[in-house]
Amino acid sequence: MNIRTVPFDHPDAVKLNDQVQAEYHVRYGDGGDATTLDPTDFEPPNGIYLIAYDGNDAPVATGGWRSQDANGEGNEDGDAELKRMYVIEQARGLGLARRMLAALEENARAAGRTRMVLETGTKQPEAIALYTSSGYEPCVKFGYYRFHDDSRCFAKVL
């Protein structure tokens with residue numbers, strides 16, 4: 001797997017984002033994640049967006065983080081919010097999500113962020129299993145979905 005830094009609006013990022021949004025819609029029936037994201041959210045040093053490519057240079061996994069500090073949505077100073085973690089169906093079970101997560105954590109730590117946070121949902125049990133097995137613990141809900149019953153938030157000290 002070759003992990004590359006790309007802009008959030010890169011054509012491969014848009015393609016994978018469309019796929020993950022479609023999967024969210026299938027799982028939750030709500031049209032996908034309504035959280036507002038701006039491509040500048042993922043510009044270093046305040047964030048990063050990564051795509052993993054396979055041996056044929058096809059995009060197979062994605063993920064990013066963006067800086068968050070104390071706000072009215074439950075974030076704390078020093079937070080790095082994980083966004084758009086996704087592995088295409090044909091590449092699941094190969095450890096790509098775990099490798100992507102490790103790369104994002106390393107980058108956020110190097111950027112001075114002190115805690116990685118994420119929001120997922122009850123209809124994504126494989127995501128919850130990945131995060132809890134990677135040292136993430138439940139935390140106070142934050143962000144757009146903090147008042148939704150299906151929302152689950154996790155954090156890990158970097």
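Author: Let's start with what lies over the buried side of helix α1: the cover includes β2 (47–53), β3 (59–68) and β4 (79–87). Covering here is about contact, meaning heavy atoms within 4.5 Å. The names come from DSSP runs numbered from the N terminus, with helices being H or I of at least four residues and strands E of at least two. Before going on, note that this is a predicted model, where local features need pLDDT of at least 70, side-chain atom pairs count only at pLDDT 80 or more, and totals for chains, interfaces and linings use all residues. Residues are numbered from 1 along each chain as its sequence is written, and side-chain values use heavy atoms, leaving out hydrogens and water.

Now the helix itself. α1 runs over residues 11–28, so to speak an 18-residue stretch, and spans 26 Å from its first C-alpha to its last, close to the 26 Å expected at 1.5 Å a residue; that expected span is 1.5 Å times one less than the number of residues. Its buried residues are Asp12, Ala13, Leu16, Asn17, Val20, Gln21, Glu23 and Tyr24. Buried means under 20% relative accessible area, exposed over 50%, and partly exposed in between, with a 1.4 Å probe and protein chains only. Looking down the axis of α1, you'd find these buried residues within an arc of 165°, so they line one face of the helix. (The arc is taken from the directions from the helix axis to the C-beta atoms.) On the face turned away from that side sit the exposed residues Pro11 and Val26. Just past the helix, Gly29 has a positive phi of about 70°.

What does α1 join in with? The largest nonpolar core has 37 residues, and Leu82, Met85, Leu104, Met116 and Tyr131 have the most contacts inside it. Such a core is a set of buried Ala, Val, Leu, Ile, Met, Phe, Trp, Tyr and Cys residues joined through side-chain atoms within 4.5 Å. At least two residues each come from α1, β2, β3, β4, α2 (96–110), β5 (115–121) and α3 (125–133). β2 gives the largest share, six residues. In soluble globular proteins, nonpolar side chains tend to be buried together.

The loops on either side of α1 are worth a look too. Phe8, in the loop between β1 (2–5) and α1, pairs with Phe42, in the loop between α1 and β2, 34 residues apart. Their rings are stacked, 4.8 Å centre to centre with 25° between the planes. Rings of Phe, Tyr and Trp (its six-membered ring) pair if their centres lie within 6.5 Å, and planes under 30 degrees apart are stacked, over 60 edge-to-face, the rest tilted. Phe8 counts as buried at 11% relative accessibility, and Phe42 does at 3%. Phe42 also meets Tyr49: the centres are 5.4 Å apart and the planes at 70°, so this pair is edge-to-face. Together, Phe8, Phe42 and Tyr49 make one aromatic cluster.

One last thing in the loop between α1 and β2: Pro45 lies there, and the peptide bond from Pro44 to Pro45 is cis, with omega near 5°.
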